[in-house]
Amino acid sequence: MQLVFDGHNDVLLRLWSHAKDGNDPVAEFTGGTTAGHIDGPRSKAGGLAGGLCAIYIPSGDLVFADPDTNGHYATPLAAPLDPLPSLAIATEMAAIALRLDRAGAWRLCRSVKNIRKAMAEGIFAAVMHIEGCEAIGADLATLEVFYAAGLRSLGPVWSRHNIFGHGVPFAFPSSPDTAPGLTEAGFALVRECNRLGIMIDLAHITEKGFWDVAETSDQPLVASHSNVHALTPVARNLTDRQLDAIRERRGLVGVNYATAMLRPDGRSDADTPLSDMIRHIDYLVDRVGIDCVALGSDFDGATIPEEIGDASGNQRLIAALRQAGYGAEDLSKMASENWLRILASAWREEDA
């Protein structure tokens, strides 16, 4: 079995949401469930050995637009969020991550050495990530607190605007050049992440924001769960120029399993063949090189191909990649080693 370290999932959002209904998040993760995509048993069955686990504040006002007769759609951006309720939700999700760690349900990792040890021991290696920094104030004091709790990766914005920058909408077809980039507070956030050693994720930011981060950050450029705009022209996918910059900085693209970001027609439809995923992976490998391609499933946050289904089906993608001609070394890089290289660089680890 090829072990996978994955670049993005929303399992904390699902566990938090179910906890609001009275469920025990530790029991749900360890005992297994039919809900969503990830839990301990399904992860082990599919070789999902760990990943970046997002703290994401849901937007209650977001309603996805229906496609028109041409299959085109443009969902308006969700409204900015209030900071205090956002901080409360983010804290609750971080507490769930810590409870899972204390219970031995997963290991909350703060270094690549921690990740490797957890994977070797068969324990899910979780890295705390924030997707959209509405819970962090402009003075960045909260960032220090989350860092102490285990935060090691963040995306300044989700697909909405906040005090740090601007996000792209869910739209097809659309350029990612939809709004301004970083604010002054956003530039300060990037510099502080560089100082602390927090990886910066560009998955939901506008194209202008991408270039703002590229000019400011000393880290490799990373889009944790994004695909190829030339193949599926949704606003969330990366242009060839962005991909070239990622290659030049020895960064990384985590291939998103979300069908709307894989299909030529941009539709969210689980009846999507794995050949659409292979098409994006082949393009990325040709454009940025095998060392800069990994996986960023968006488990528990998107409609994924039914052939994968959930975390237990990850090896079906690995098998499809083998059939497409990728050998053992390439698969090891895409499945885990490329992510561990990037995290070691962002976290300034030597001999990781």
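A salt bridge here is a side-chain nitrogen of Lys or Arg within 4 Å of a carboxyl oxygen of Asp or Glu. Asp276 counts as buried at 11% relative accessibility.

Why are Asp276 and Arg279 separated by about one helical turn? Because they are three residues apart in helix α10 (residues 274-288). Helices (H or I, at least four residues) and strands (E, at least two) are DSSP runs, numbered from the N terminus.

## What kind of model this is

This is a predicted model, so local features need pLDDT of at least 70 and side-chain atom pairs count only at pLDDT 80 or more, while totals for chains, interfaces and linings use all residues. Residues are numbered from 1 along each chain as its sequence is written, and side-chain values use heavy atoms, with hydrogens and water left out.

## Salt bridges across the chain

How many salt bridges does the structure hold? The count is 24. One of them pairs Asp310 with Arg42, with 3.4 Å between the closest N and O atoms. This pair links distant parts of the chain, 268 residues apart: Asp310 is in the loop between β11 (293-295) and α11 (314-323), and Arg42 is in helix α3 (residues 40-46). As for burial, Asp310 is buried at 16% relative accessible area, and Arg42 counts as buried too, at 10%.

Glu144 and Arg195 also meet through their side chains, in a salt bridge of 3.0 Å, N to O. Glu144 belongs to helix α6 (residues 141-149) and Arg195 to helix α7 (residues 184-196), so this pair ties together parts 51 residues apart in sequence. Glu144 counts as partly exposed at 36% relative accessibility, and Arg195 is partly exposed at 48%.

## An exposed aspartate

Then there's Asp351, in the segment after α12 (328-346). Is Asp351 buried or exposed? With a relative accessible area of 74%, Asp351 is exposed. Asp351 and Arg267 are 84 residues apart in sequence, and their C-alpha atoms are 43 Å apart in space.

Methods. Buried < 20%, exposed > 50% of the residue type's maximum accessible area, 1.4 Å probe, protein only.
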